[in-house]
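Dear colleague,

I am passing on the two-chain structure we talked about, and the file follows directly below.

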Amino acid sequence: MFEQLIQLLISLIAIVAVASAFGALLGWTAIRFKLNGDPIVEKIDEILPQTQCGQCGHPGCRPYAEAIAKGEEINKCPPGGEAGIKALAELLGREVIPLNAELEEKETETVVIIREPDCIGCTKCIQACPVDAIVGTAKMMHTVILDDCTGCDLCIPPCPVDCIDVVPLETAAKDWQVPKPSDMIPVRMV
Amino acid sequence: MADYLLLFVATVLVNNFVLVKFLGLCPFLGVSTKVDAAVGMSFATTFVLTLASALSYLINEWLLVPLDLQFLQTLSFILIIAVVVQFTEMVMHKTAPVLHKVLGIFLPLITTNCAVLGVALLNINESHNFIESVIFGFAAAVGFSLVLVLFAGMRERIDVADVPVAFKGASIGLITAGLMSLAFMGFTGLI
């Protein structure tokens, strides 16, 4: 009886000692290899187009990157388009999926312009613009800095007088690209 | 030396853990859709298997046998494997975050990869010494990695092939695994 108790105690002490030693090792590892933020979020954030347009339902690109890292779908970024989805799928080892149908990718790049005679200077569009591409002040005419406009169209709904128009971005010589041949010749990607 | 080489070749090819002993089938089918992920998984498993094999031998020889506690073998080996996997996971999360993301749940699941516990227990069964244990663990991992990467390469090609609807996806994967297993039977007479 007594010997059995000793045997039981020895086994208990042995397993607890081994477990504590390993626990200490893991504790040291956790401190030594401490993570400063999630490194995967940085990589996702680099791929996202940084338009901060909010069409994905998040208040900017970085929050969306964090949501993707937690498992959200990768097809909610219209400015990134199909190329962005492919890059994300490549990085994360997920399937390439088409862009969310509610968020149609624009056929051509667009920007907005303000019809300046109609502007009443309410500043509402300035507050909506995620990239600070609209200049102007209260009761003064506003205007869009075309070079900074990302075409996210977030300024259109707040405008009380509907004086903001969407216009296609004119293709300059430096932006022009040869159309992809895949539209004409059926190419099978392998 | 020749004995060690023989043990290595025998474990990698003749007694391959996945295709002959049918251990570790979960990651074999789960992480074999992309070659990149398969290579990463191979390295992680090799590290874990070799280290767990050596550590479990040491714990068994120095702690369990002297104290006459062999009945705690399975418990302590599982503890060792869990710790080594957790260690690998933490180091990988810091040093290779993308690979960590790609492997996802399969990295912690190395803990339940029966090949790892299998190696530790077989070492005891076949009364290997320390060097033999390490070689056995490493060879088992090399065999696992070999078939995993080969299988991933095949599945990448099968993905774009014209497979009959009834065989699409996991079915053709399992059939391919079975054919590979048949092919590995060819090594039986090697040693």
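Predicted model: local features only at pLDDT ≥ 70, side-chain atom pairs only at ≥ 80, totals over all residues.

As to burial, 18% of the 190 residues of chain A count as buried, whereas in chain B, with its 191 residues, buried residues make up 39%. Chain A contains five helices and four strands, and read from the N terminus its elements follow the order α-α-α-α-β-α-β-β-β. Chain B, for its part, has eight helices and zero strands, so that line of elements reads α-α-α-α-α-α-α-α from the N terminus on.

The contact between the chains

Where the two chains meet, 20 residues of chain A are in contact with 22 residues of chain B. On the chain A side, α1 (2-32), α2 and α4 each supply at least two of the residues that touch chain B, and α1(A) gives the most, with 11 residues. Sorted by class, this side of chain A has 16 nonpolar, three polar and one charged residues.

One helix pair across this contact can be described in some detail, namely α1(A) and helix α4 (residues 73-95) of chain B, whose axes come within 10 Å and cross at roughly 5°. Angles under 35 degrees count as roughly parallel, and α1(A) and α4(B) are therefore roughly parallel to each other. From α1(A) the contact is made by A:Ile15, A:Val18, A:Ala19, A:Phe22, A:Leu25, A:Leu26, A:Thr29 and A:Ala30, and from α4(B) by B:Leu75, B:Ser76, B:Leu79, B:Val83, B:Gln86, B:Phe87 and B:Met90. The residues of this helix contact divide into 12 nonpolar, three polar and no charged.

In the loop between α3 (35-64) and α4 of chain B lies B:Leu72, which, leaving aside residues up to four places away in sequence, touches A:Ser11, A:Ile15 and B:Leu64. With 18 C-beta neighbours inside 10 Å, B:Leu72 counts as partly exposed, because a residue needs 20 or more to be called buried. The C-alpha atoms of B:Leu72 and B:Asn60, which are 12 residues apart along the chain, are separated by 9.2 Å.

Helix α4 of chain A

Helix α4 of chain A (residues 81-92) has 12 residues and reaches 17 Å from its first C-alpha to its last, which is close to the 16 Å expected at 1.5 Å a residue. Which residues of α4(A) are buried? They are A:Ile85, A:Leu88 and A:Leu92, and because they cover an arc of only 65° around the axis, they are on the same side of α4(A). What these buried residues pack against is α2 (39-47) and α3 (61-69) of chain A, together with α5 (97-103) of chain B. On the face of α4(A) turned away from its buried side are the exposed residues A:Glu82, A:Ala83 and A:Glu90. Just after α4(A), A:Gly93 takes a positive phi of about 70°.

Single residues to look at

In chain B, B:Ala170 belongs to helix α8 (residues 170-184) and counts as exposed, with 9 C-beta neighbours inside 10 Å. The C-alpha atoms of B:Ala170 and B:Gly30 are separated by 9.8 Å, although these residues are 140 residues apart along the chain.

With kind regards

Definitions and conventions: Residues numbered from 1 in each chain as written. Chains lettered and ligands numbered in written order. Expected span 1.5 Å × (residues − 1). Buried ≥ 20, exposed ≤ 12 C-beta atoms within 10 Å, placed from the backbone. Arc of directions from axis to C-beta. Contact = placed C-beta atoms within 7 Å. Nonpolar A, V, L, I, M, F, W, Y, C, P; charged D, E, K, R; others polar. Axes fitted to C-alpha atoms, helices over the stretch in contact; angles between N-to-C directions. Parallel < 35°, antiparallel > 145°, perpendicular 65-115°, else oblique.
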